[in-house]
Amino acid sequence: MAACSRQVIGHFSAQAMELIAAKEGLQFAYDLGFRDIVLEIDAHGVVDRINSNEECFEAEGNIVEDIKEMQGWFRSFSCNWQR
């Protein structure tokens, strides 16, 4: 396992920050060679957006769509809500 952190400059909503963290985490996991991913997020709405089969047209939709595309990088992928 591994851990990472990154400074993000700007003003973002809580949902946007959860999505940015998820995207960065997936990139980090891929770079380290992990191919079976369980992404656990404590924001139920973010999990719903990532797991939705519909395109996201919200302000953070581009990040959601990037994450959906990144799912294809992995042998197995699941995104779950975790308290």
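Colleague: Hi! Which elements cover the buried residues of α1?

Modeller: The cover includes β1, α2 (44-51), α3 (61-70) and β2 (76-81), with contact meaning heavy atoms within 4.5 Å. Helices (H or I, at least four residues) and strands (E, at least two) are DSSP runs, numbered from the N terminus. This is a predicted model: local features need pLDDT of at least 70, side-chain atom pairs count only at pLDDT 80 or more, and totals for chains, interfaces and linings use all residues. Residues are numbered from 1 along each chain as its sequence is written, and side-chain values use heavy atoms, leaving out hydrogens and water.

Colleague: Which residues of α1 are buried?

Modeller: Q15, A16, L19, I20, A22, L26 and A29 are buried in α1 (under 20% relative accessible area; exposed is over 50%, partly exposed in between, with a 1.4 Å probe and protein chains only).

Colleague: How far apart are the end C-alpha atoms of α1?

Modeller: They are 26 Å apart, which agrees with the span that its 18 residues should have at 1.5 Å a residue. The expected span is 1.5 Å times one less than the number of residues.

Colleague: And what follows α1?

Modeller: G33 does, with a positive phi near 95°. G33 lies in the loop between α1 and β1 (36-41).

Colleague: Is G33 buried or partly exposed?

Modeller: G33 is partly exposed, because its relative accessible area is 43%. From G33 to E65 there are 32 residues in sequence and 22 Å in space, C-alpha to C-alpha.

Colleague: New topic: where is M1?

Modeller: M1 sits in the segment before α1 (14-31). M1 counts as exposed because its relative accessible area is 93%.
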